[in-house]
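Please open the structure in a viewer and keep a selection tool at hand.

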Amino acid sequence: MWCCTSSLVYLRRSIRLRLCSRRGRSRLPLWIRETWAYMRLLVQSLHFNSLTDSDVVFDSVFEPVFLTVDYITRWFGAVFVCLVVILTSSIVVIAYAVLLPLVLNTYSPAWIVWHLCYGHWNLIMIAFHYYKAAKTSPGYPPTEKNDRPFVAVCKKCIIPKPARTHHCGICNRCILKMDHHCPWLNNCIGHFNHRYFFSFCLFMTLGCVYCSISGRNLFLDAYNALERFKHMDLEKPGIPVTGMGPLIGLLPSGQTIYQTPAPPYTFRDKMIHKSIVYMWVLTSTVGVALGALTVWHAVLISRGETSIERHINKKETNRMAKLGKVYKNPFNYSRLNNWKLFLGVEKRRFVLSFLSFFLI
C-alpha cells in the first residue's frame with residue numbers, strides 16, 4: 001500500500017514538471033504578456049466598483065490615445081523650440097538686412113532713434129523671457145515625508161499633492177499650480193515660470209504688432225511690386241516681325257523674333273520684396289493668435305485661475321448651482337491682489353513694481 005501511494009506521488013510530480021517545462025518553452029515574449037496584462041487591467045477598470053462614472057470610463061477607454069499623444073508631444077518638444085528660434089531669427093535677419101537700411105535712408109532722426117531703441121528693447125525682452133520660461137522649473141511637490149498639508153494623493157506618482165497641483169502626462173510628474181504644458185517651450189507652465197511665460201507672450205505680441213503696423217506700407221509696396229513682376233514674366237520675350245521686316249534688315253537672316261531688353265528688376269529686388277511680404281504675414285498672423293492667447297491668460301490671472309482650474313471651477317459651479325448654492329473660487333483675492341500675487345509684488349508698491357515688470 002505504501003509503495004502504491006509513493007508511485008502515484010512520483011507520477012503526479014513528473015506530470016507537473018513536464019507540463020511546466022512545456023509552458024516554459026511555449027511562453028510568449030515579455031512585451032506581449034505586458035500588453036495583454038495592461039489591456040486586462042483597462043477592461044477591469046471599467047467595472048471596478050460602483051463609483052465608476054462616464055469620466056472614468058472615458059479616461060480608461062482613451063488612455064492609450066492619451067499616452068500616444070503625450071509621447072508624440074514629448075518627442076516634438078525640441079522640434080517646436082527649434083521652430084520658434086528659426087522663425088524669430090528669420091524676422092530679426094530681415095529687420096537688420098532689409099528694413100534697417102530703409103529706415104536709415106528714409107526716416108527722420110527722431111524716428112530712427114525710436115525704432116532702434118524700441119526694437120532692440122523688445123527683442124531683448126522676448127529672448128530673455130523665452131529662455132527663462134523654457135529653462136525655469138515649473139515647481140514640483142516634495143517627495144520626502146513632511147508635515148505640510150495636502151489635499152489628495154496623485155494616482156500616478158503615489159505622492160501627496162498640495163492644493164492646485166496637477167499631474168502632467170508629458171513630463172510624467174506632478175506640477176505645482178500647473179497651467180498647461182506648452183510644446184513651444186518644451187516645458188510645463190507652473191508656479192515658478194508662469195510669469196515668464198505670460199511675459200514672453202506679451203512681448204512677442206507687442207513685437208509682432210509693432211512689425212505689422214510699422215511695415216504695413218512696405219508690405220503694400222512689396223506686394224504690388226511682386227504683382228508687377230509677375231505680369232512682366234508672363235509677357236512674351238519678343239515681338240514677332242513679319243512681312244517686310246526681314247527684307248529691309250530689321251533682323252538678321254533666319255531670325256523672326258525681336259528680343260526685348262532684360263526685365264527692369266534683379267533677383268535681389270525680388271527676394272527683398274518677398275522677404276517683406278513674408279515678415280508682414282508671419283508677424284500679423286502670430287500677433288493675432290498670440291494676442292488672443294495673452295488676453296485669455298490675463299483674464300484668468302485676474303480671476304485667480306489657471307487653464308486647468310478654469311474647467312474645474314466651471315464644473316463645480318454647475319454642480320453647486322443644481323444644489324441651489326453659489327460656488328466661489330477660494331484662490332480669487334480680487335483682481336488687483338491676484339495681479340500682485342502673480343507678479344510677486346504684494347509687499348511693495350504696486351505701481352513701481354508693475355513698471356519694473358516691463359524692464360526686467
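Begin by selecting residues 165-168 and 173-176: these are strands β3 and β4, which run antiparallel and are joined by 4 bridges. Two strands count as paired if DSSP finds at least two bridges between them; helices (H or I, at least four residues) and strands (E, at least two) are DSSP runs, numbered from the N terminus.

The model is predicted: local features need pLDDT of at least 70 and side-chain atom pairs pLDDT 80 or more, whereas totals for chains, interfaces and linings use all residues. Residues are numbered from 1 along each chain as its sequence is written, and side-chain values use heavy atoms, with hydrogens and water left out.

Next, select His-167, whose bridge partner in β4 is Cys-174. Then move to Asn-172, which takes a positive phi near 60° in this hairpin, where 4 residues lie between the strands.

From Cys-174, proceed to Cys-157. Its closest cysteine sulfur is that of Cys-174, at 3.7 Å, too far for a bond; a disulfide requires a pair of cysteine sulfur atoms within 2.5 Å. The structure holds 0 disulfides. Cys-157 is partly exposed, at 24% relative accessible area, and Cys-82 is also partly exposed, at 46% (buried is under 20%, exposed over 50%, partly exposed in between; 1.4 Å probe, protein chains only).

Finally, select the spans that an unreviewed UniProt entry labels "transmembrane region", among them 111-131 and 196-215; UniProt positions follow the numbering used here, feature names are shortened, and annotations may be inferred rather than shown by experiment. Residues 111-131 are 100% helix and 0% strand, with end C-alpha atoms 30 Å apart. For residues 196-215, the end C-alpha atoms lie 28 Å apart, and the span is 95% helix and 0% strand.
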